[in-house]
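Visitor: I would like to go through this model and ask what stands behind the terms used for it.
Guide: Go ahead.

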Amino acid sequence: MKAGDLLTISPLIALTLTPVVVMLFAAFRRSHGLALGLTLGGLAVTFGTLFVSASRTARVVTPLVTMDAYALFFIGLLTVATALVAVLSWSYLGRLRVRPEEYYVLLLTATLGGAALVAATHFASFFLGLEILSVSLYALIVYPVHRADAVEAAVKYLVLAGATSAFLVFGMALVYAEAGTMSAAGVAKLVAGGLGSQQVVVTVGIVMILVGVGFKLAVVPFHMWTPDVYEGAPAPVTAYVATVSKGAVFALLLRFLLPVSSDQSSTLFLALAAVAVASMVAGNLLALRQDNVKRILAYSSIAHLGYLLVAFLASGERAGVAAGFYLVAYFATTLAAFGVITVLSTGDRDADQLSDYRGLGARRPVLAAVFAVALFSLAGMPLTMGFIGKFVIVTAGAGSALWALVIVLVLTSAIGLYYYTRLIVVMYVRRPEELELAGAGPAARVAAAGGAAGVVVLAALTAFLLVFGVYPSPLLRLVEHAVSTLPWP
Amino acid sequence: MLGLLWLIPALPAAGFLALVLLNRRLDRTAAAWIGAGSVGLSALVALLVCGSFIVSPPAGDAYHQVLWTWMDVAGFAPNIGFYLDAVSVLWVLVITFVGFLIHLYSTEHMEHDEGFTRFFMYLNLFVASMLVLVLADNLLLLYLGWEGVGLCSYLLISFWQKDPQNVYCGRKAFIVTRVGDTALIAGLFLLFTQVHTLEIQPMLAAAQESFVPGSAVAVAAALLILGGAIGKSAQVPLQTWLPDAMAGPSPVSALIHAATMVTAGVYLIARTNVLFTLAPDARLIVAIVGTVTLLLAGFSALVQHDLKRALAYSTISQIGYMFLALGVSGWEAGVFHFMTHAFFKALLFLAAGVIIEALADEHDIFKMGGLRRELPAVFWTFTIGAAALAALPFVTDGFYSKDLIIATSLGSVDGNLWFYAGAIVGAFVTTLYSFRLVWLVFFGERHTEVSRRPRRRQLVPLWILAVLSVVSGLIWMPPWLAGFHPFETFLDTALPPIEFTGEYAHFAESALGALVTISVVVVGIGIAWLLWMPWRRGTHAFSESPAVRPLAAYWLGGWGFDWVYERVFVIPVKWFARVARNDLVDHVVDGIAWLNVAAWRTLSAGQTGRLRAYVAVAGFGIALVLAVVVLR
Amino acid sequence: MASVSLDHALVLAAILFAIGFAGLLTRRNLIVVLACIEIMLNAGGLAFVAAGARWGQADGQVMFLFVLAMAAAEVAVGLAIAIRFRQSLKSLDVDDADEMKG
């Protein structure tokens, strides 16, 4: 590894050094503000190093990692998302009776894991990245240790993540046994050769790898942890799990399993299609009459990953652009939605009951507007980014003749409209009789004011959603550039 | 100057945003300034832009301004762009100017309403959407405006939400127009698959070249667009929502359900006239729909008790006239009548609002009467409006436009005696019901005392609209009069001129033909006077008599359309229904909802909260996939 | 020493994996569950070693080291969570953690 390579992987180095720095400072002087400041500074430095890395010509640094435009784009996305989560966590942690400094360390290490994932081109970096991300999340989910919900959520996540990691390891071993190499390119060659009946071992191996991936993505049938963990974990951590964790793994999926998606006749393709359909259907149906806002968003995220899988299956560069754009829209929307929950939460419990949102339109109009825009974007209303995202996915799917998947996508989106609109109605409707329909009880006391920094972040996210819903071209160009470096068939 | 085109829809949109963001912090005055001011500014800009357009027309008699490309996906790249030609100039001027007058009126009329700011928020959004609709250079953007006005119509009809009846009326409006909207979307899809673009001008040019006149494609596309137009413009058979839409405040009825939104259908057909020229069968249907509607609604208006409902049926009827004109290739005549109608109908609705408010929310005309001396300004302006509606010869704009339509219905290349007969009878009935309102409301003995008088901001718009209702007809005088027709010349730059080449063209165009119209109107006024003035009691007794009563009731209920819809759709599920009106459609929808909820219950029961169950489900899924993969 | 064929090693690894998974499904004590996860991870590691031997590369064994290290980290955090679990629910029975459902 040459000296120049260090510059190429400088974003990863920056992401490694930052938690160390934060940790050392916390050892000597405990200060919430200092920790947040160092975190944001480190993330800013990381973002800056992206451009340093972009200027380097050598991309492949050891067989483990490739810092191409794709990786840089996603690391940028993850970095920004983490920074937003950190800012949202600021006032939340202040209300929670815990020591906040370690939280930021864990957040940063999780991001490091995610960054390693998106740049990974080898099983080793795949595994390590995934595990760093996972273990950091175990600790983050259980961070408010005095809350029974958090502990329960952490246990469920721990056991399921551990089990699926084991599947992942075993699957990787099987593929390695047949391929003789652990690099993504080698695996691609093997798969491209056709997964015939002779290659049972490889297929089984890939299925088991998909188990590990599928758990993180929370698709059916590995989705059952999602509502419980989303509900039990602290709201900003939920935001992180919903966005960074899923996004990083999806980016890796696109890179590693590209050849799987291009062969429409293979059984694996069928299996993934079934998973996509099941996720879209189950995700949207399960949210229908939920009264817990976090659970609604959890189930909706299952559905959205189903939509993303349709983009994945569509294959081709256009589909890659669709997936990338949809991910960005999904990140912005989810962060906005969970951000609202975070800002409204008190130290005792998160603002996740439907009744907490009753009349929010009158009590805190800005937050209600943010939430409404986020929900509209999730539903795919025109003028929001969500609409453009769904539109490009449908176009990609239609272009690859995935008619059944596209039809399911459209139909289940219609179901989704119900529960998103229900939330909006609860926020804006003031009459008790109409509220019986919406299923909300008397309003609980949630944070009546405060969280200024969070509100600023949320306003920025809302503007982002609306601006790019009406003028998406620059972002589409960026995603196209990022995705073009993948070896499309 | 033309470059300011984008400001015209942008200003009301900005007003809307400002009102949304600053909602809590605004007092009434500020909200009124923002709400009415944004539309006023827009009217000013419109005046400048359109003035510049008229005085020095750009090349090709059209101005195209593309702001940006909304998205560029797989070769589908709709723009956010605006297109200005004679037709859109007309609509823009009417929308902004009449819109501003109505906003001004509303600042006084809605003064004591607790939803004052919310009202202007919705109204601004409406004006912005309507302007986007008429200025859009591609059908997708037009559809965005189309949906926007539909949404605002719903919000404003059900503005006084506390009464569920109002909400029901809003919902009914939304759902009935939805039927039309679905047809429109299907039409857009069809057009896109045929010509691969949704931009209006290129699409029309491509259609002109590639569609065979009279071919199935052309007819289908035209009919689907007609479907959309019928819904939005409340023509038969989708007219049932408009009378119920009167549940909204009077300014709403004036702006949305008289002057602008309901004319969106007329605009759409005028815009896509090339398609209709290529499909004579579709044109015929347009004319038939127009004629049937104008007669049906006219007769219904004749027996209404509620002042606003009478005006609503009148609106349906007058738009029927516009459709008739469009259907016989009298594009310019239809558009002319749109303009005159916008003025006098808005005037009538605003005046009705003043009357209703003055009599402490009394809507029944039989409980009015004798208001001539109490509300003189309202009397004169209302009468001018009614006269325009009735097409009082020479001194009202309604005469010029309606006479033109009547002449076109006979003399145009597509005209025939049936349409002519319908138009003439319709004119007679129109005169009857318009002056019935005048006599019953303003003359005779007073049944309700005036408790609130109108103030300046309500009266000024009335006077302005009254003046417009008199003079605006003079810009297109028939050839046998003075032949002063700059308006026709102006419209010729964007629309095909009316071809008086039918059998009776010569008669239709001549002064003799106009004499028929004039005499019908004058006779109508006379008969109306007789029926509702000296013989008032006799008329009332007559309409109550057992022979006539069912007929009157039938007309009152809008020729029983609602009655039929209810019977045909309700009877199969009547034993099921608890709500007043149920549809078969409701049943299907409920079934879908039930299915979804049942599925939810099943799946939700699966989320037991037990970790081992989660592992088991995952394991089961894995086993299933592995089995399939290995065995295949 | 006679070399072990890849297939045999993989079968052994698979059996171990299945045992671990079965334990995961049936056992209710959280500590035992964590142990079962360990068994599954180590089974995967064994598979890696076998695969590396088949190809004559050291990569398999390196991966096994990674797996081991990661498993240790996971267990460390996992046991801390288990302690909290015991404090919160007063038992180590996994089935007792079903407050959140639906």
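Visitor: How many residues does the contact take from chain A and how many from chain C?
Guide: This is a predicted model, and in it the contact takes 43 residues from chain A and 43 residues from chain C. A residue is in this contact because heavy atoms lie within 4.5 Å.

Visitor: What area do chain A and chain C bury between them?
Guide: About 3,500 Å², with carbon and sulfur atoms giving 79% of it. Of the area that chain A buries against chain C, A:Glu152, A:Phe170 and A:Tyr176 supply 18%, more than any other three residues.

Visitor: Which element gives the most to the side of chain A that touches chain C?
Guide: That is α7(A), with 24 residues. By class, this side of chain A has 30 nonpolar, five polar and eight charged residues.

Visitor: What is the count of salt bridges between chain A and chain C?
Guide: The count is zero. Polar contact is a separate rule, and it finds nine residue pairs between chain A and chain C, both residues at pLDDT 80 or more.

Visitor: How many residues make the contact between chain B and chain A?
Guide: Chain B gives 34 residues and chain A gives 49. The buried area is about 3,600 Å², and 75% of it comes from carbon and sulfur atoms. B:Trp70, B:Trp600 and B:Gln607 supply 18% of what chain B buries against chain A, more than any other three residues.

Visitor: Which elements give two or more residues to the side of chain B that touches chain A?
Guide: They are β1 (63–69), α27 (584–606) and α28 (611–631) of chain B. The largest share, 12 residues, comes from α28(B). The residues on this side of chain B divide into 22 nonpolar, eight polar and four charged.

Visitor: Why is B:Cys50 called buried?
Guide: The cut-off for buried is under 20% relative accessible area. B:Cys50 has 0%, so B:Cys50 is buried.

Visitor: What makes C:Cys36 count as buried?
Guide: C:Cys36 has 7% relative accessibility. That is under 20%, and therefore C:Cys36 counts as buried.

Visitor: How many disulfides are there over all chains?
Guide: The count comes to zero. The rule asks for a pair of cysteine sulfur atoms within 2.5 Å, so no pair of cysteines in any chain is counted as a disulfide.

Terms used
Residues are numbered from 1 along each chain as its sequence is written. Chains are lettered from A and ligands numbered from 1 in the order in which they are written. This is a predicted model: local features need pLDDT of at least 70, side-chain atom pairs count only at pLDDT 80 or more; totals for chains, interfaces and linings use all residues. Side-chain values use heavy atoms; hydrogens and water are left out. Buried area is the accessible area (1.4 Å probe) that two parts lose on being put together, summed over both. Helices (H or I, at least four residues) and strands (E, at least two) are DSSP runs, numbered from the N terminus. Ala, Val, Leu, Ile, Met, Phe, Trp, Tyr, Cys and Pro count as nonpolar, Asp, Glu, Lys and Arg as charged, and the others, Gly among them, as polar. Buried means under 20% relative accessible area, exposed over 50%, partly exposed in between (1.4 Å probe, protein chains only). A salt bridge is a side-chain nitrogen of Lys or Arg within 4 Å of a carboxyl oxygen of Asp or Glu. A polar contact is a pair of N or O atoms within 3.5 Å; within protein, one must be able to donate a hydrogen and the other to accept it, and residues adjacent in sequence count only if both atoms are side-chain atoms.
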